[in-house]
Amino acid sequence: MTSYTVYMDQLPGLLELWAREFQVHVPVEVENGIYDFVPWRKSEEIAWEYDVAYNPLKRFFLPPRETLLRFDPANCTAEVVCEAPRQLIFGMHPYDVKAANQLDTLMRKDVPDYNFITRKKNTVIFALEPAAVARNAFWASVDAHKVDAGYDLYWTRISSASFHVEVSTRRGKELLLAAGGLELSTAADREAARRAHQRIVKESLRDGLKYPWRETSDILNRAWDSTLWQHRARHCFSCGTCNLVCPTCYCFDMKEELDNTLTKGERYREWDGCMMDSFSRVAGDHNFRPHTRERFRHRYYRKGKYILDKTGQLGCVGCGRCVSGCTSGIADPKTVFNELWEADRHDS
């Protein structure tokens, strides 16, 4: 794999070039210790050492609200809508790249989601080696510390003034060399990048799953009647925050609205979450998961079994956003899965 050394003072010119073709988004510190991705501007200070973005990056492929259809009821006409801007996400950590890859796999199954696929196709991803581990993160213990695909360039900061950049796609190489030739990386730079990766993985492994993540589905096979579900769910507010900040949740609700003249309308979808009471309520006001315990259990079976059985990947990338956003502090997959594993060991 071809790699280059890029110096910090070369970046402003490159970012200007990229911004002519794409909507460029970069990580910044929006509040003290809170990071998010925002549109790049010359005055923006990029947070190269951010630990985790507060909002999930799935929003670039699956917006919180997205218009799918505009219709005219009087004339019985409709037009399909697919807004897919050319965008470049600079600084996506490996676990978020892995989450995007998983969504891509799921959105292509059965009936392919055209809007998602088009948005993903129009997006350039520059991955960034993490330099810090968020307080609730455990991504290395679920193999989300590395990705082999789904990005165009992989950046690793190897000094205060330079990056080691691995090329993954032709598109990535063309963008990297847009301002002219760059230095090929040296053996010393490659070794510095390898050590940076080893250091951060070691830090992430300090507090993670206590067992091989592939065993999660088997553990859940025997955990349906566990008392853990009720014990934890009694503290749950069913707010759905854990769903909304999760980078691999993709459930949505479909709605239609007319404007105030009743002459034009649109069909749109917006994020929904299985932890909310309304999610499983159907016609006749019937609810097939009326109790919080059932919704709480479903979420973990979704993450640890259903997606794993379907794709071979755990439906959790260990980013820690869910427990960071949980008012009650009960939404931590690592803690739930470890407790179930401990109980399963003692029952065996």
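Predicted model: local features only at pLDDT ≥ 70, side-chain atom pairs only at ≥ 80, totals over all residues.
Trainee: Why are Glu191 and Arg194 about one helical turn apart?
Mentor: They are three residues apart in helix H5 (residues 187–204), so about one helical turn separates them. In general, an α-helix has 3.6 residues a turn, so residues three or four places apart point the same way.

Trainee: Where do Asp110 and Lys310 lie?
Mentor: Asp110 is in the loop between H2 and H3, and Lys310 is in helix H9 (residues 292–311), so this pair ties together parts that are 200 residues apart in sequence. Asp110 counts as exposed, at 71% relative accessibility, while Lys310 is partly exposed at 44%.

Trainee: New topic. What domains does the chain have?
Mentor: The domain assignment gives domain 1 (3–205) and domain 2 (213–347). Their centres, taken over C-alpha atoms, are separated by 26 Å. The contact takes 41 residues from domain 1 and 41 residues from domain 2.

Trainee: How much area do domain 1 and domain 2 bury between them?
Mentor: About 3,600 Å², with 58% of it on carbon and sulfur atoms. On the domain 1 side, Phe71, Gln102 and Phe138 supply 18% of the area buried against domain 2, more than any other three residues.

Trainee: And how many salt bridges are counted between domain 1 and domain 2?
Mentor: Six. There are also 21 residue pairs in polar contact across that interface, both residues being at pLDDT 80 or more. On the side of domain 1 that touches domain 2, S4, H2 and H3 each supply at least two residues. The largest share of that side comes from H2, with nine residues.

Trainee: You mentioned H3. Is it enclosed or open, and which of its residues are buried?
Mentor: Six of the eight residues of helix H3 (residues 114–121) are buried, so H3 is largely enclosed by the rest of the structure. The buried ones are Asn115, Phe116, Ile117, Thr118, Arg119 and Lys120. Their cover includes strand S4 (65–72), S6, helix H2 (94–108), S7 and strand S12 (265–271).

Trainee: What about S6, then? Which strands does S6 pair with?
Mentor: S6 pairs with strand S2 (residues 23–31) in the parallel sense, over three bridges. Five bridges join S6 to strand S7 (residues 123–128), and these two also run parallel. For a landmark in S7, look for Val124, the bridge partner of Leu88. Six of the six residues of S6 (residues 87–92) are buried, so S6 is largely enclosed by the rest of the structure.

Trainee: Last one: where is Phe337, and what is in contact with Phe337?
Mentor: Phe337 is in helix H11 (residues 333–347) and counts as buried, at 1% relative accessibility. Leaving aside neighbours within four places in sequence, Phe337 is in contact with Leu209, Tyr211, Thr216, Leu220, Tyr300 and Gly304.

How values were computed. Residues numbered from 1 in each chain as written. Heavy atoms only, no water. Buried < 20%, exposed > 50% of the residue type's maximum accessible area, 1.4 Å probe, protein only. Helix = DSSP H or I, 4+ residues; strand = E, 2+ residues; numbered from the N terminus. Pairing = 2+ DSSP bridges. Contact = heavy atoms within 4.5 Å. Domains from an automatic or database assignment. Buried area = accessible area lost by both parts, 1.4 Å probe. Salt bridge = Lys/Arg side-chain N within 4 Å of Asp/Glu carboxyl O. Polar contact = N/O pair within 3.5 Å; in protein donor to acceptor, adjacent residues only side chain to side chain.
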